[in-house]
Amino acid sequence: MKGHWQKGMCKTNGIHIAYTRTGGDRPPLVLLHGLFASGLCWLEVARSLESQYDVIMPDARGHGHSSAPASGYRYTDHAEDIAGLIQTLRLGSVILLGHSMGGMTAALTASRWPYLCSRLILEDPTFLSVERQRQVWDSDIMEKHRQILHSPLADIAAHIRQRHPQRREELIRQLAEARLQTCCAALHVLMPPNPDYKQLMRKIDMSCLLLFGDAGVISWSVAQELQHMNHKLKVQQIAAAGHGLHFDQVERFVQAVESFICYES
């Protein structure tokens with residue numbers, strides 16, 4: 001991490017949201033992480049973009065160093081947190097980028113508070129069918145996470161390293177730490193029903209980019225369907241990438257983000 005980066009705590013929506021910020025008199029770019037991650041899991045992306053943008057990386061409620069209330073983990077709660085963060089920090093109209101859970105949060109935020117977002121970037125957001133939502137919620141994901149919370153950090157890091165040997169050691173360590181910082185209640189965001197993503201995408205009236213891999217949540221058919229619903233939506237697939245595009249193809253991911261922002265400026 002760069003020495004001049006700022007760490008802060010923003011009080012909004014009845015809780016405290018922790019964030020890391022690269023700072024500088026540059027356009028604000030807010031990065032929203034996915035479930036089990038934290039703001040600092042965007043480190044590599046932030047390092048690549050900090051010379052051009054004031055990159056703000058919040059920890060979602062129940063994650064990282066943010067508050068972990070006993071309840072309040074629906075996507076509406078997350079979106080209200082981000083709208084409050086943007087307003088409390090007086091960021092104006094931001095470029096909003098979200099991955100996975102953060103992608104759905106970003107889409108909901110942009111649809112409800114369009115004046116807070118100038119452009120929207122969605123990285124393989126959790127745009128799931130109702131059936132798939134139920135399958136995830138009915139799985140053993142909660143019990144597995146409870147078990148992981150009792151595991152040593154080194155064991156979690158070893159598991160991530162085994163699954164993703166190409167990832168840098170710094171990222172593996174950060175992902176392992178973030179997993180241990182995720183409270184069980186945070187998984188309630190998975191409880192159906194999620195916001196209707198098709199309805200959200202019809203409402204969004206700003207330049208928008210959908211980035212997805214060839215082995216993630218979003219398929220080409222879904223991307224094309226969404227593009228037909230919203231003529232301002234651009235779609236781009238990054239090959240040899242799964243759900244974590246910015247983890248495994250960081251250079252190509254950053255290039256796609258920069259190209260979109262520069263083209264839409």
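This is a predicted model: local features need pLDDT of at least 70, side-chain atom pairs count only at pLDDT 80 or more; totals for chains, interfaces and linings use all residues.
Student: What are the ground rules?
Tutor: Residues are numbered from 1 along each chain as its sequence is written, and side-chain values use heavy atoms, with hydrogens and water left out. Local features need pLDDT of at least 70, side-chain atom pairs count only at pLDDT 80 or more, and totals for chains, interfaces and linings use all residues.

Student: Why is strand S7 called largely enclosed?
Tutor: Buried means under 20% relative accessible area, exposed over 50%, partly exposed in between (1.4 Å probe, protein chains only). In S7 (residues 207–213), 7 of the 7 residues are buried, so the rest of the structure largely encloses the strand. Strands are DSSP runs of E, at least two residues; helices are runs of H or I, at least four; both are numbered from the N terminus.

Student: Which residues of S7 point which way?
Tutor: Ser207, Leu209, Leu211 and Gly213 point one way; Cys208, Leu210 and Phe212 point the other. In a regular strand the side chains alternate between the two faces of the sheet.

Student: What makes S6 and S8 pairing partners of S7?
Tutor: Pairing needs at least two DSSP bridges between two strands. S6 (residues 117–123) has 5 bridges to S7, running parallel. S8 (residues 233–238) has 6 bridges to S7, also parallel. Both therefore meet the definition. Leu209 stands opposite Lys234 in S8.

Student: What makes S1 and S8 edge strands?
Tutor: The open sheet has the order S1-S2-S4-S3-S5-S6-S7-S8, with mixed pairing. S1 (6–12) and S8 each pair on one side only.
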